[in-house]
Protein chains: 2
Amino acid sequence: MKFIAEINVMPLKALLDPQGKAVSNSMKNIGFQEIENVRIGKHITLEIECMSKETAMEKINEACNKILANPIMEGYEYTIKEA
Amino acid sequence: MKFIAEINVMPLKALLDPQGKAVSNSMKNIGFQEIENVRIGKHITLEIECMSKETAMEKINEACNKILANPIMEGYEYTIKEA
């Protein structure tokens with residue numbers, strides 16, 4: 001079975017997010033005074049071929065920890081659905 | 001009213017995504033043969049202070065087109081909810 005996963009990798013809440021901070025400041029400067037607390041992370045979509053949803057989820061957790069996210073600085077969450 | 005927006009900015013389907021391609025290939029090399037078609041974009045969360053959901057959505061569209069996404073190379077979608 002083929003699954004499609006949508007993964008969000010975000011900088012941990014406790015850490016500074018320089019990219020988001022820079023965009024927050026730019027927002028103010030170009031007239032978006034109402035926008036604040038911008039945080040920027042990665043959005044990843046991928047396809048995975050597995051026997052069951054459970055194995056797919058295990059694989060995705062492993063992939064996130066090994067290659068897609070840096071667990072020291074980033075957290076991740078994902079949704080998975082059948083393709 | 002304060003709203004929280006979750007925005008996904010992804011490279012357009014028609015375009016190559018070199019970052020995603022590189023990760024797809026790495027997946028194969030480190031034992032994730034079942035993963036393919038990785039695409040990588042940005043996930044952005046922000047807070048916006050507006051009178052109504054409609055004005056908030058207008059502002060977010062404007063912000064996406066002006067600063068968060070490059071409409072020539074990227075598409076965006078978002079969800080918005082009351083904080």
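1. Across the interface of chain A and chain B, the rule finds four salt bridges. Over all chains the count comes to eight. Please keep in mind throughout that this is a predicted model.

2. One of the salt bridges joins A:Glu34 to B:Lys59, with the closest N and O atoms 3.8 Å apart. This pair crosses between chains: B:Lys59 lies in helix α2 (residues 53–68) of chain B, and A:Glu34 lies in the loop between α1 and β2 of chain A. In general, side chains of opposite charge can pair when their charged atoms come close.

3. Polar contacts between chain A and chain B amount to 14 residue pairs, with both residues at pLDDT 80 or more. On the side of chain A that touches chain B, the elements giving two or more residues are β1 (2–11), α1 (18–29), β2 (35–49) and α2 (53–68). The largest share of that side comes from β2(A), with 15 residues. By residue class, the side of chain A that touches chain B divides into 15 nonpolar, seven polar and 10 charged.

4. How much area is buried between chain A and chain B? The figure is about 2700 Å², and carbon and sulfur atoms give 64% of it. In chain A, the residues that lose the most area to chain B are A:Phe32, A:Glu34 and A:His43, which together make up 21% of what that side buries. The contact takes 32 residues from chain A and 32 residues from chain B.

5. In which sense do β2(A) and strand β2 of chain B pair, parallel or antiparallel? The two strands pair in the antiparallel sense, over 11 bridges. The strand of chain B covers residues 35–49. As one example, A:Ile48 has B:Ile35 in β2(B) as its bridge partner.

6. How are the two copies related? Chain A superposes on chain B by a rotation of 180° with 0.0 Å of shift along its axis, at an RMSD of 0.0 Å. The copies are therefore related as by a two-fold rotation axis. Of the interface residues of chain A, 100% are also interface residues in chain B, so the copies meet through the same surface.

Methods
Residues numbered from 1 in each chain as written. Chains lettered and ligands numbered in written order. Predicted model: local features only at pLDDT ≥ 70, side-chain atom pairs only at ≥ 80, totals over all residues. Heavy atoms only, no water. Contact = heavy atoms within 4.5 Å. Buried area = accessible area lost by both parts, 1.4 Å probe. Salt bridge = Lys/Arg side-chain N within 4 Å of Asp/Glu carboxyl O. Polar contact = N/O pair within 3.5 Å; in protein donor to acceptor, adjacent residues only side chain to side chain. Helix = DSSP H or I, 4+ residues; strand = E, 2+ residues; numbered from the N terminus. Nonpolar A, V, L, I, M, F, W, Y, C, P; charged D, E, K, R; others polar. Pairing = 2+ DSSP bridges. Least-squares fit on C-alpha atoms with pLDDT ≥ 70 in both.
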